[in-house]
Amino acid sequence: MCNTPEFPILEKQNWLIHLHYIRKDYEACKAVIKEQLQETQGLCEYAIYVQALIFRLEGNIQESLELFQTCAILSPQCADNLKQVARSLFLLGKHKAAIEVYNEAAKLNQKDWEICHNLGVCYIYLKQFNKAQDQLHNALHLNRHDLTYIMLGKIHLLEGNLDKAIEIYKKAVEFSPENTELLTTLGLLYLQLGIYQKAFEHLGNALTYDPTNYKAILAAGSMMQTHGDFDVALTKYRVVASAVPESPPLWNNIGMCFFGKKKYVAAISCLKRANYLAPFDWKILYNLGLVHLTMQQYASAFHFLSAAINFQPKMGELYMLLAVALTNLEDTENAKRAYAEAVRLDKCNPLVNLNYAVLLYNQGEKRGALAQYQEMEKKVNLLKDSSSLEFDSEMVEMAQKLGAALQVGEALVWTKPVKDPKSKHRSTSASKAANFPQPLGSNQALGQAMSSAAAYRKPPSGAGGTSQLTKPPSLPLEPEPTVEAHPTEASAQIREK
Amino acid sequence: MAAASPSDSDGSRAEREASSKWLDAHYDPVANIHTFSACLALADLHGDGEYKLVVGDLGPGGRQPHLKVLKGPTVLTESPLPALPAAAVTFLMEQHEPRTPALALASGPCVYVYKNLRPYFKFTLPQLPPNSLEQDLWNQAKQDQIDHLTLKEMLEGIREKAEVPLSVQSLRFLQLELSEMEAFVNQHKSKSIKRQTVITTMTTLKKNLADEDAMSCLVLGTENKELLVLDPEAFTILAKMSLPGVPVFLEVSGQFDVEFRLAAACRNGNIYILRRDSRRPKYCIELSAQPVGLVRVHKVLVVGSTEDSLHGFTHKGKRLWTVPMPAAILTMNLLEQRSRGLQAVMAGLANGEVRIYHDKALLNVIRAPDAVTSLCFGRYGREDNTLVMTTRGGGLMIKILKRTAVFVEGGGEVGPPPAQATKLNVPRKTRLYVDQTLREREAGTAMHRTFQTDLYLLRLRAARAYVQALESSLSPVSATAREPLKLHAVVQGLGPTFKLTLHLQNTSTARPILGLLVCFLYNEVLYALPRAFFKVPLLVPGLDYPLETFVESLSDKGISDIIKVLVLREGQSAPLLSAHINMPVSEGLAAA
């Protein structure tokens, strides 16, 4: 009985398994794998390998890990199997173990960008950014891939180094100019730094390659909002609304578009939807408070603002708005306390002090009002020194009236602000980009940039609205014509100071 | 009016057909053809000017491989195959007249060559050289110089380190239990060990002339990461090249004797580009996903990847462009309209579309009723521009490109996305809302004050109730640190007799509690309990103690009352905890 059966060729149907696998026809693939494994009594390495890949895609990471380990036993010299073992470990969150296996694989295959890249990613999760950077740079050195650039940029962002991140993303965009994710991220970074020209350029590029890119549309839209192009922004948002109808930042931005167009009821509807979708987002609550203040619904505004303060207790403007609401609800005691808190927290917004001063003045506390007025002047001076920010004309007017009423008008700062409204009229088109750099620049995280761009946008003009609201009680003030007559004197005074 | 609508839709369909670039020549949803693009070929097999379609059919579920030749919509011949076909190509193998092309079918380790649809030649891949150490070991085993355990150990050593992998025989041996080894060795020791590989892909390469009807070599890609070029007449191996991965798709241009470029998409996700003189790949394109198709359009390599996108690369591996696809790509092939000098890429997608691209520009979209799994364009029958498609369900579709059809760039989507035209779904506000808004404007202060007052009152009450509960131990969870207890009660029955079960649990981690008492407070007119006061046994931590007692309802008026349960410590008058049990109305009495 020497008639022994021939052994089947182990790899006979590997090509078919692979074809089914790349077509994502996993059912057919599994059937072939099963057949193949039966025929070869579990010796066909590639069948096990693909089975493990499918398991991993289906979320059974532990099973996939075990199968990859089997593969690694069947052919210990193959770096690919080790890479997959490490990948599964990585997905299971065992980053240290993954690093060990990757190092093992790196011994077998020195020049694999994937190993370097994945090692880098593992180090990111272990918060060892230096090592991660080294590995990612190695990966880039071996072969340049978009993903590596993205990860490298992420490290810099995690370290808070925006300039370096931009540097990396610039290189990445140079390498692959059509990658919309890279373009969008770069655009958002520029937006964060307040370099609007470049931000818009990159976001626009991203949109030409992919007109439905959700992030880019939101960011570009919020920039349009900043410039007052509410209608254009709204048409752009339509695309997002059909793609991601449940995005809180989207409805927040749409709401603020309507607010800008003075369609307050629609604004409230949209903001309420945003609030329903993200009840813990204080920016949406802030905007809701602002719109309700504008609508003179002070009781509702109070609720939204106090909710916002519960989520974000460190923002002076919120307390100021709360105080405005309280003033209108005739709760002066609490309004004062809110103002006091706002003044304590806020470092740069002169409006806070101005509104507080107006309240104090109306309450007859002239000395307190004067103190706040001077505080405001300090802030105004600081702002004038640091940036070309223009002040809201309404605020300037209000400040002048108050200054006159407090009889400090003859010696004071408003020379430049007095000019500001004029210059604003002169250079509406030229200074557009510089209009609100400061509120925009204070964005912190990228992910928030889109929503915050619009959320932050409003404070200046919205707060302008509030100073308008405080106007009726301050009507008895008589504007002194002398204020405008002494611009040169006043500026001389400043210099002396 | 009612009659107008169907004719209307007919009209629009006719219009659509008129505007379409394709004529529907044939559609059979149950043609029972299951295959890949690599196994489709169009050729004038009989030299009669009538082009046939050759299909290497895997059969349903990949079980009944057949070679099918179709003429028009009908199957001309059908012959079973010994194994699944990996690729089918037609090529001219000799100079003689009549110049009828031969058919080559790659399957397993062999290439079957047919002429005039008759088997002509079978080429088998040469055996791979076995590992010399392994060979020696088996020779020793043959002469019984080595025992089975040592053999196993040595073979495992080879498997760990050696460059050349083991043969199937040795691998199988390594899997065996000790008891089975003897028989296995005796059965197999006399055979020489073999290593055989299989063909994964095949294509053709012109031998020495670029003409349409010039001789072509076969180019084979094998499972052991090699590329072989076969001589068309003698079937000898003209050239052998090795790759770092197993080839899946091949794309060749040029002539073997002059200069050629060979691009091989491999299973490791890379595409390697080789030239005539290079034994090893000259350029490498690293994709971040698996390639699903490789087509060369003029000088651009178009690759479809599993990330649902098409990429264009130069012959040196530089990325030119990327186009995203709406669905997963299943298959790709070349569309060549010779009369207009057009070359384009067709991609069959999982959503049933076939998209035709010229570089980045979308030229045309065909919507098929099922996902198209294989595509082939060329001369079929006597029609020059025919598109043959097979679908996932085994259907066959043949379309003819209209002679008047001209592909224009931008024939697909242009302009802003359609979503931009749809109106925003802004939630509407009711009249009531507006009225309430107005009311708030008028009476905002009063509303705010009322609300604040009520809120303070609510808080006050809550605080009071809480303090009261704490003071009188009304809660079912004891607050003292010494006796952490939990109590809950269950009442069972319809009445007049109820069963009341108290579940008492000691929630401390280690300390048992001793000396507890349970006391029931109830209206004696309404209820009677056998024992209103009893001792609790020692409570072991963590265990749940059910304490049962019967409650007799005395009233016949359908009244129910509260029974209070107090848990006390011996010698203390203040309860540790208490529970109020709302007794149900006795239904038994009412029925009686």
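Leaving aside its neighbours within four places in sequence, Ser253(B) is in contact (heavy atoms within 4.5 Å) with Leu205(B), Glu259(B), Phe260(B), Arg261(B), Arg296(B) and His315(B). This residue belongs to strand 14 (residues 247-255) of chain B; here helices (H or I, at least four residues) and strands (E, at least two) are DSSP runs, numbered from the N terminus. Ser253(B) has a relative accessible area of 17% and is therefore buried, where buried means under 20% relative accessible area, exposed over 50%, and partly exposed in between (1.4 Å probe, protein chains only).

The model is predicted, so local features need pLDDT of at least 70 and side-chain atom pairs count only at pLDDT 80 or more, while totals for chains, interfaces and linings use all residues. Residues are numbered from 1 along each chain as its sequence is written, chains are lettered from A and ligands numbered from 1 in the order in which they are written, and side-chain values use heavy atoms, with hydrogens and water left out.

Two strands count as paired if DSSP finds at least two bridges between them. Strand 34 of chain B pairs in the antiparallel sense with strand 30 (residues 497-506) of chain B over nine bridges, and Leu502(B) stands opposite Leu547(B) of strand 34. An antiparallel pairing over two bridges also joins strand 34 of chain B to strand 32 (residues 527-528) of chain B; Ala528(B) is found opposite Glu552(B) of strand 34.

Most residues other than glycine have a negative phi. For Asn32(B), phi is positive, near 60 degrees; the residue sits in the loop between strand 1 (22-28) and strand 2 (40-43) of chain B and is partly exposed at 38% relative accessibility. Asp359(B) likewise has a positive phi, near 55 degrees. The loop that holds Asp359(B) runs between strand 24 (353-358) and strand 25 (361-367) of chain B, and the residue is partly exposed at 34% relative accessibility.

Next comes the interface between the chains. In all, 68 residues of chain B are in contact with 69 residues of chain A. The size of an interface is often given as the accessible area lost when the parts come together. Buried area here is the accessible area (1.4 Å probe) that two parts lose on being put together, summed over both. For chain B and chain A it is about 5900 Å², with 59% of it on carbon and sulfur atoms. On the side of chain B, Phe36(B), Arg172(B) and Leu424(B) lose the most area to chain A, together 11% of what that side buries.

Charged pairs are also found across this interface. A salt bridge is a side-chain nitrogen of Lys or Arg within 4 Å of a carboxyl oxygen of Asp or Glu, and the rule finds two between chain B and chain A. One salt bridge joins the side chains of Glu178(A) and Lys360(B) (3.4 Å, N to O). Helix 6 (residues 431-471) of chain B gives the most to the side that touches chain A, with ten residues.

Over all chains, the structure holds 29 salt bridges. In chain A, the side chains of Lys30(A) and Glu27(A) form one of them (4.0 Å, N to O). Both residues lie in helix 2 (residues 26-40) of chain A, three residues apart, about one turn of the helix. Lys30(A) is partly exposed at 24% relative accessibility, whereas Glu27(A) is exposed at 56%. Lys83(A) and Asp80(A) also form a salt bridge (3.8 Å, N to O), and these residues are part of a network of salt bridges that includes Asp112(A) and Glu114(A). In chain B, Asp57(B) and Lys68(B) meet in a salt bridge (2.9 Å, N to O). This pair links distant parts of the chain, with Asp57(B) in strand 3 (residues 52-57) and Lys68(B) in strand 4 (residues 66-71), eleven residues apart. Asp57(B) is buried at 2% relative accessibility, and Lys68(B) is buried with a relative accessible area of 6%.
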